[in-house]
Amino acid sequence: MKAVINRIIPFSSVDGPGNRTAIFLQGCNIDCRYCHNPETRGMCRQCGLCVEQCPAGALSIEEGKVQFNPSACVQCDTCIHICPHDSSPRTEELTPQETYERVKSQLPFIRGISVSGGECMLHPDFLTELFCLAKKDGLTTLIDSNGTIPFCSYPHLMEVTDGVMLDIKAFDNEEHRALTGASNETVLSNALWLAEHKKLYEVRTVIAPDLYDTERSIRRTGEFLAPCLAVNPFRIKVIAYRPMGVRREYADCRVPDPKYLEKMADILRSCGFQDIIII
Ligand code: SF4
Ligand code: SF4
């Protein structure tokens, strides 16, 4: 069993508690307008376009497959900017064991691993095996997910998962569809299920006032989730939309100022939330 890995960050302090190794899997099942890493969405179709454009000769094609030479790469990002399929040639196909080998050298310095994407829940068996290996070494295990795949369908995975960082991109279903191309019904039922099973570590929402009614969405999200706090206290992360890395057509969307973000946090406080982080 293998998954396509977009990148592994050996030490991250923003992907869960403490120092963690963060693993990003390639491929996503939704299409957020403001996606900050659109090159993680699609799977490479081996079209070869990026190979011709690489200024450093870091890419080649062998037997119909793109080969990447990291030592030649100058990190110019030309390949991901020209890829017509929201993909990247700088990926690797690894088994859970091979992936965990990359984690092992950090063992004395990390508290756990966090797996993100793309959408890592597209690979539940891979996650289960990877997390079983991490658990044997006493590491904690977190999933970062867009919430569109039901966690309740993967009981073995949830046994070896300490928590989930769940995106709620918009509360209103039509707004969620317009923003991502997908319904949020499963996202919201996942939030309740995870809280009930004490697996909801964090809820994340990106504040993009030009793309949906952020104020109404935050209020309704807060009201919906507040009853969960008694069972499973969790953090809400209020994340400002930023244009870095987004597709050209969304690069001019309004960036919310600190005052507006504080207003969003106040709405959540009025619903009963205390553990709120604005970034
Ligand atoms: S990364 Fe994109 S441009 Fe490069 S070969 Fe794959 S699909 Fe083609
Ligand atoms: S980032 Fe992509 S295009 Fe640039 S040198 Fe590396 S492989 Fe080549």
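## The second largest pocket

The residues lining the second largest pocket of this predicted model comprise 14 nonpolar, 10 polar and 11 charged. In this classification, Ala, Val, Leu, Ile, Met, Phe, Trp, Tyr, Cys and Pro count as nonpolar, Asp, Glu, Lys and Arg as charged, and the others, Gly among them, as polar. The lining has 35 residues, and His-36, Asn-37, Asp-144, Asp-167 and Arg-204 lie nearest the centre of the pocket. At least two lining residues come from each of β1, β7 (140–145), β9 (200–207) and β10 (235–240). Helices (H or I, at least four residues) and strands (E, at least two) are DSSP runs, numbered from the N terminus.

The volume of this second largest pocket is about 890 Å³. Grid points are joined across faces, edges and corners, and a volume is the space filled by probe spheres set on the points.

## Basis of the model

Residues are numbered from 1 along each chain as its sequence is written, and chains are lettered from A and ligands numbered from 1 in the order in which they are written. In this predicted model, local features need pLDDT of at least 70, side-chain atom pairs count only at pLDDT 80 or more, and totals for chains, interfaces and linings use all residues, while side-chain values use heavy atoms, with hydrogens and water left out.

The largest pocket holds about 1,100 Å³ of space. Among its 39 lining residues, Asn-6, Ile-80, Ser-88, Pro-89 and Arg-90 lie nearest the centre. Two or more lining residues are given by each of β1 (3–12), β4 (65–68), α2 (78–82) and β5 (92–94), and β1 provides the largest share, with 6 residues. By class, the lining has 14 nonpolar, 14 polar and 11 charged residues.

The protein is divided into domain 1 (3–39 + 92–278) and domain 2 (45–82), with bounds that come from an automatic or database domain assignment. Their C-alpha centres lie 30 Å apart, and each domain gives at least three residues to the lining of the largest pocket.

## The two ligands

Ligand 1 takes up the space of the largest cavity; a molecule sits in a cavity or pocket if more than half of its atoms lie within 2 Å of its grid points. Around ligand 1 are 13 residues, with Cys-44, Arg-45, Cys-47, Cys-50 and Cys-83 the closest; a residue is near a molecule or strand if one of its heavy atoms lies within 4 Å of it. This shell has 8 nonpolar, 4 polar and 1 charged residues.

Ligand 2 takes up the space of the second largest cavity.

## Strands and backbone

Strand β3 (residues 59–62) runs antiparallel to β4 and is joined to it by 4 bridges, where strands pair if DSSP finds at least two bridges between them. Ile-61 has Val-66 as its bridge partner in β4. The two strands β3 and β4 form a hairpin with 2 residues between them, and Glu-63 in the turn has a positive phi of about 50°.

Most residues other than glycine have a negative phi, and most peptide bonds are trans. Gln-46, which is not a glycine, has a positive phi of about 60°. A cis peptide bond, with omega about 10°, joins Gly-117 and Gly-118.

Key:
1 Å grid on protein atoms, 1.4 Å probe; cavity = no way out; pocket = protein on both sides within 12 Å on 5 of 7 lines; lining within 4 Å.
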